[in-house]
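I set out to look up a few features of this structure and to record each one in turn. The entries are brief.

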Amino acid sequence: MVISTSFPFAVDIGNGYSKYGTGKLVGSIPSYIKILNADQEVDKEESSRIVKYQNGSNTSLINKAWVIGRLAQALSGDGLYTLEKHELAAQMVLGLIPIPPEIEEIKITKLIYSLPDDLNDKDVRGVQQALIGKHWINIDGREVVIYIEKVRVVFEGLGAYVWAKHNKLLRLTEGYKTGVLDVGNKTIILTPFTGISHISERDKRAVANIGVISLAQAISRDSIFRTPGMQSRVNVDLILKGISDGSYMYGVGSNGISFKDVFPHYRDEWINRI
């Protein structure tokens, strides 16, 4: 007897972190991916998933394997901010779906996937075709069948708006506009909503490639990184890590470089650009 379960699933593949939720469970992992060789074996680590696609509707992935999360970063994988997120929808989503204990088959009744531009028909169709159907995978050593019944693509920023509306943070007044500012690693997206019903004015959305990565890149060009023994190319990922954990350190130990003193200057410049 196959032990199965079903639930809706929402995912936001961010350039810094990939977030997901089932209605009962929410989580996130760093947005990195590493494609593995056919015979390559790696050990599971925290905030990571190892996925092997055995068979299924997405024929381009059959017999492929990959790692997402912190381990992918450690294996010199790619940060999603350097890639096209819609092209990696299947790899990221299949790795993010939580597998309850003892479950052998999961039915996703509705999968909600966010894109910067949900009006781009080509990208939307690509995401749907990559995900809808049955997928036989091995994830972290467990074999499971995942059946995705329906995929709805929405624009990034909608989740923040729905959350704010649910928590009664919006002013429902005719003629009053609400703006949702989605500050990501790669992009910053402003979406206006208008009227009592708060209809999205998507034709007036503003998208700019000045996310947190641009702040880290500006810091990387500071003279503090032009010291003897430094590599010619500063690793922006390490600056992002120092910002995220609040240490404002590039590297660790005696070889680490503190950018705490210069951070306020570059941060304020970045905010003024927004």
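**Entry 1: the model.** I note at the outset that this is a predicted model.

**Entry 2: α2 and α3.** I looked up how helix α2, residues 89–96, lies against helix α3, residues 121–131. Their axes are 9 Å apart, and the packing angle is about 50°. The two helices are therefore oblique to each other. I recorded the crossing of α2 over α3 as right-handed. Which residues make the contact? From α2 I listed A89, A90 and V93, and these meet V127, A130 and L131 of α3. Sorted by class, this contact has six nonpolar residues, with no polar and no charged ones.

**Entry 3: burial of α5.** I next asked how many of the nine residues of helix α5, residues 212–220, are buried. The count is eight, so α5 is largely enclosed by the rest of the structure. I wrote down the buried residues as V212, I213, S214, L215, A216, A218, I219 and S220. I then looked up what surrounds them, and found that the buried residues of α5 pack against β12, α6 and α7.

**Entry 4: α5 and α6.** Of these partners I took up α6, which spans residues 236–245. The axes of α5 and α6 lie 9 Å apart, at an angle of about 110°. Angles of 65 to 115 degrees count as roughly perpendicular, and α5 and α6 are therefore roughly perpendicular to each other. The crossing of α5 over α6 is right-handed. On the α5 side I listed V212, I213, L215, A216, Q217, I219 and S220. On the α6 side they meet V236, I239, L240 and I243. By class, the contact of α5 with α6 has nine nonpolar residues, two polar residues and no charged ones.

**Entry 5: aromatic rings.** I searched for aromatic pairs and found four in the structure. I examined the pair of Y248 and F259, whose ring centres are 6.0 Å apart. F259 counts as buried, because its relative accessibility is 0%. I also noted that ring pairs join Y248, F259 and F263 into a cluster.

Entry 6: Most residues other than glycine have a negative phi. S47 belongs to the loop between β4 (32–35) and β5 (48–56). S47 is partly exposed, since its relative accessible area is 33%. I located K168 in the loop between α4 (158–166) and β12 (177–183). K168 is exposed, with a relative accessible area of 73%.

Terms used:
Residues numbered from 1 in each chain as written. Predicted model: local features only at pLDDT ≥ 70, side-chain atom pairs only at ≥ 80, totals over all residues. Heavy atoms only, no water. Axes fitted to C-alpha atoms, helices over the stretch in contact; angles between N-to-C directions. Helix = DSSP H or I, 4+ residues; strand = E, 2+ residues; numbered from the N terminus. Parallel < 35°, antiparallel > 145°, perpendicular 65-115°, else oblique. Left-handed = near helix turned anticlockwise from the far one by under 90°. Contact = heavy atoms within 4.5 Å. Nonpolar A, V, L, I, M, F, W, Y, C, P; charged D, E, K, R; others polar. Phe/Tyr/Trp six-rings, centres within 6.5 Å; stacked < 30°, edge-to-face > 60°. Buried < 20%, exposed > 50% of the residue type's maximum accessible area, 1.4 Å probe, protein only.
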